[in-house]
Amino acid sequence: MSLLNIYAGSVARKRIQEEGFHAGLFGGFLGASGGPKWFVLAGLDKIIFPEFLDANKTPIDIMGSSAGAFRAACLAQDRPAEAIDRLATNYANTVYSAKPDAKEITLKGYDLLHAMLGETGICEALYSNKKNVHFFVQHCHGLVGSEKKLSQILGLSVAAAKNMMKRKSIASQFSRAVFSARPKKDLFIDPYDFPTDYYALDKENYVLALMASGSIPIVLEGIKDIPNAKPGIYRDGGIIDYHFDLAFKQSELVLYPHFYATPTPGWFDKNVPGRQCHQSSYENVVMLVPSQEFIAKLPYSKIPDRKDFEEMEAQQRITYWLETIKQSDRLADAFLHHLQNDDIMAKIKPIDLHRKSRS
């Protein structure tokens with residue numbers, strides 16, 4: 001039974017055929033939005049840097065939006081596996097009141113980040129010579145920049161309707177902000193050319209930018225006036241960059257552990273039939289994806305998601321999520337097995353962004 005599927009774009013596949021599969025191939029790591037869906041990848045995250053990518057002598061860009069940004073903040077630390085453990089355990093054990101408002105959920109979010117970062121996590125990321133962390137965030141304009149719930153709902157409804165017709169049309173309401181330890185304005189090519197601002201992370205804005213990347217509209221409070229960035233409200237990075245439709249410009253490849261084999265460009269695109277990422281965005285990407293066989297063995301035979309907060313009692317959800325995190329170590333074992341046995345090339349499949357099944 002195959003636990004881990006490995007997919008590669010055309011450029012990535014050619015390089016692996018020519019050079020073999022080794023850490024030096026990779027100049028980027030990517031983490032998608034998706035909240036607790038990430039738990040199936042926790043085991044991979046714990047070993048990818050300390051047992052694989054840390055062997056790379058060249059700098060690596062660690063990029064993420066929303067939950068992917070939280071993971072990036074873990075992986076940029078000196079002891080990434082310990083940080084991932086803190087994030088996963090504390091996130092899984094989070095409990096809210098019966099009817100939590102945005103303020104309560106936001107405060108719990110800050111608690112999660114502070115536990116994850118510890119006393120030294122920010123400085124380790126900012127001053128690393130080898131790891132360059134990038135948080136993808138959205139700068140909100142008009143009604144979506146309001147903290148009034150009804151205004152947000154109206155603004156999001158307008159954005160969803162516009163997005164049905166044309167993805168780029170939401171640019172009047174959302175523009176991309178990339179906060180980086182060392183900003184790179186040539187980090188990627190966007191086929192939609194969304195307006196994008198680049199900002200330097202520092203000790204003053206690090207937690208705020210990270211929190212903004214995970215600030216889901218309506219669910220959490222927006223983050224206002226992030227220091228050293230344009231004034232205004234900032235929210236979840238997944239609105240434009242849900243699973244990413246960007247051609248990253250590293251001369252090396254991008255490693256992308258993901259819970260689905262078929263990424264969705266933006267948050268609103270989940271409900272747009274036929275809206276797919278560009279194949280050109282994935283030519284130099286290698287994806288590590290849990291197989292359907294692996295998912296079938298999880299509790300409830302599914303990947304966790306945010307609906308579990310509403311549909312399960314707290315202890316039932318926590319037990320389920322912790323078991324999923326534990327089971328994710330099997331994917332790490334599978335990846336290490338492929339590395340040790342040098343059989344990854346035989347396992348690699350082409351990235352097919354038109355496949356319908358999420359396997």
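I will begin with the side chains of arginine 235 and glutamate 147, which meet in a salt bridge with 2.8 Å from N to O. This pair links distant parts of the chain, since arginine 235 lies in strand S9, residues 233-235, while glutamate 147 sits in the loop between S4 and H7, 88 residues apart. Please keep in mind throughout that what we are looking at is a predicted model. Arginine 235 is buried, with a relative accessible area of 1%, whereas glutamate 147 is partly exposed at 42%.

A second pair is formed by aspartate 190 and arginine 176, whose closest N and O atoms are 3.2 Å apart. Here too distant parts of the chain are linked, with aspartate 190 in the loop between strand S6 (188-189) and strand S7 (196-200), and arginine 176 in strand S5, residues 174-180, 14 residues apart.

Lysine 14 counts as partly exposed at 47% relative accessibility, and glutamate 18 is exposed at 54%. The count for the model comes to 17 salt bridges.

Now to the strands, and to strand S3 in particular, which spans residues 60-65 and is mostly covered, with 6 of its 6 residues buried. Ile60, Ile62 and Gly64 point one way from S3, while Asp61, Met63 and Ser65 point the other way. The chain crosses from S2 through helix H2, residues 42-48, to S3, and this β-α-β crossover is right-handed. S2, residues 26-31, pairs with S3 in the parallel sense over 4 bridges, and glycine 28 has aspartate 61 in S3 as its bridge partner. S3 is also joined by 6 bridges to strand S4, residues 131-140, again running parallel, and there the bridge partner of isoleucine 60 is lysine 131.

Finally, the surface: Leu143, Leu154 and Val158 form a nonpolar patch there, with about 240 Å² of accessible area together. Of these residues, valine 158 is found in helix H7, residues 149-165, and is partly exposed, with a relative accessible area of 35%.

Technical notes: Residues are numbered from 1 along each chain as its sequence is written. This is a predicted model: local features need pLDDT of at least 70, side-chain atom pairs count only at pLDDT 80 or more; totals for chains, interfaces and linings use all residues. Side-chain values use heavy atoms; hydrogens and water are left out. Patches are made of residues with over 30% relative accessible area and no salt bridge: like charges are joined within 9 Å, nonpolar side chains (Val, Leu, Ile, Met, Phe, Trp, Tyr) within 5 Å. Accessible areas come from the Shrake-Rupley method with a 1.4 Å probe; for residues, only the protein chains shown count as cover. A salt bridge is a side-chain nitrogen of Lys or Arg within 4 Å of a carboxyl oxygen of Asp or Glu. Helices (H or I, at least four residues) and strands (E, at least two) are DSSP runs, numbered from the N terminus. Buried means under 20% relative accessible area, exposed over 50%, partly exposed in between (1.4 Å probe, protein chains only). Two strands pair if DSSP finds at least two bridges between them. A crossover is right-handed if, with the strands pointing away from the viewer, the path from the first strand over the helix to the second runs clockwise.
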